[in-house]
Amino acid sequence: DAQRVDFSLKRLQHYCGTPVEHFQHYVLFTNYHRYVDAFCDWALDKLTEDNHYTSLSVPGGLEVSEPTDTSRTEIDASPWRRFQMPAYHLRAPNGGGITLVNIGVGPSNAKTITDHLAVLRPEVWLMVGHCGGLRHSQAIGDYVLAHAYLR
């Protein structure tokens, strides 16, 4: 219903620190800041290539369309710490880009963000960074299909 959607949209902006219009249809979740750093570096590289990505939106209102030598420093200095689950959006037309949300630690954040994000009807959401036993033959970027979850 409309009230729930409106409430969820306001909560997304509150928790993530970015305009809700910047959320993309492909969403990654993490709870490791190193994945945020890697995503931002990768996104800045993508913005220098000839492709469909238009900008990188980060918490606190910073949006980078044309990366410069200071873009990474500006991203690091953005007020992302003010937000419970900061979001980073590699934007593309019609929401065809990628959003990364650092959900922090705890299942309550995961439940909260997915409940509110559901109103946007993303194509996919995926948690990255939760693999407890990689082999030495595997590298970052390899696709690993989890077949068990232990806690």
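Here is a short chat about the predicted model shown above.

The model is predicted, so local features need pLDDT of at least 70 and side-chain atom pairs count only at pLDDT 80 or more, while totals for chains, interfaces and linings use all residues. Residues are numbered from 1 along each chain as its sequence is written, and side-chain values use heavy atoms, with hydrogens and water left out.

Student: What pattern does the protein follow along the sequence?
Tutor: Start with the pieces: there are four helices and six strands. Helices (H or I, at least four residues) and strands (E, at least two) are DSSP runs, numbered from the N terminus. Read in order, they give α-β-α-β-β-α-β-β-α-β.

Student: What radius of gyration does the protein have?
Tutor: The C-alpha trace spans about 45 × 40 × 30 Å along its principal axes. The radius is taken over C-alpha atoms, and the globule rule is 2.2 Å times the number of residues to the power 0.38. For 151 residues a compact globule would come out near 15 Å, and the protein agrees with that, at 16 Å.

Student: Is H89 buried or exposed?
Tutor: H89 sits in strand 4 (residues 87–91). Buried means under 20% relative accessible area, exposed over 50%, and partly exposed in between (1.4 Å probe, protein chains only). H89 has 0% relative accessibility, so H89 is buried.

Student: Which residues of helix 4 are buried, and how wide is the arc they fall within?
Tutor: Helix 4 covers residues 107–117, and its buried residues are N109, I113, H116 and L117. The arc is that of the directions from the helix axis to the C-beta atoms. Seen down the axis, these buried residues line one face of the helix, because they fall within an arc of 100°.

Student: Which exposed residues sit on the face of helix 4 turned away from its buried side?
Tutor: An α-helix has 3.6 residues a turn, so residues three or four places apart point the same way. The buried residues of helix 4 have cover that includes helix 1 (2–16), strand 1 (26–30), strand 5 (98–102) and strand 6 (124–127). The face turned away from that buried side carries the exposed P107 and K111.

Student: What is the relative accessible area of N94?
Tutor: N94 is found in the loop between strand 4 and strand 5. Although N94 is not a glycine, it has a positive phi of about 60°. N94 counts as exposed because its relative accessible area is 74%.

Notes: Contact = heavy atoms within 4.5 Å.
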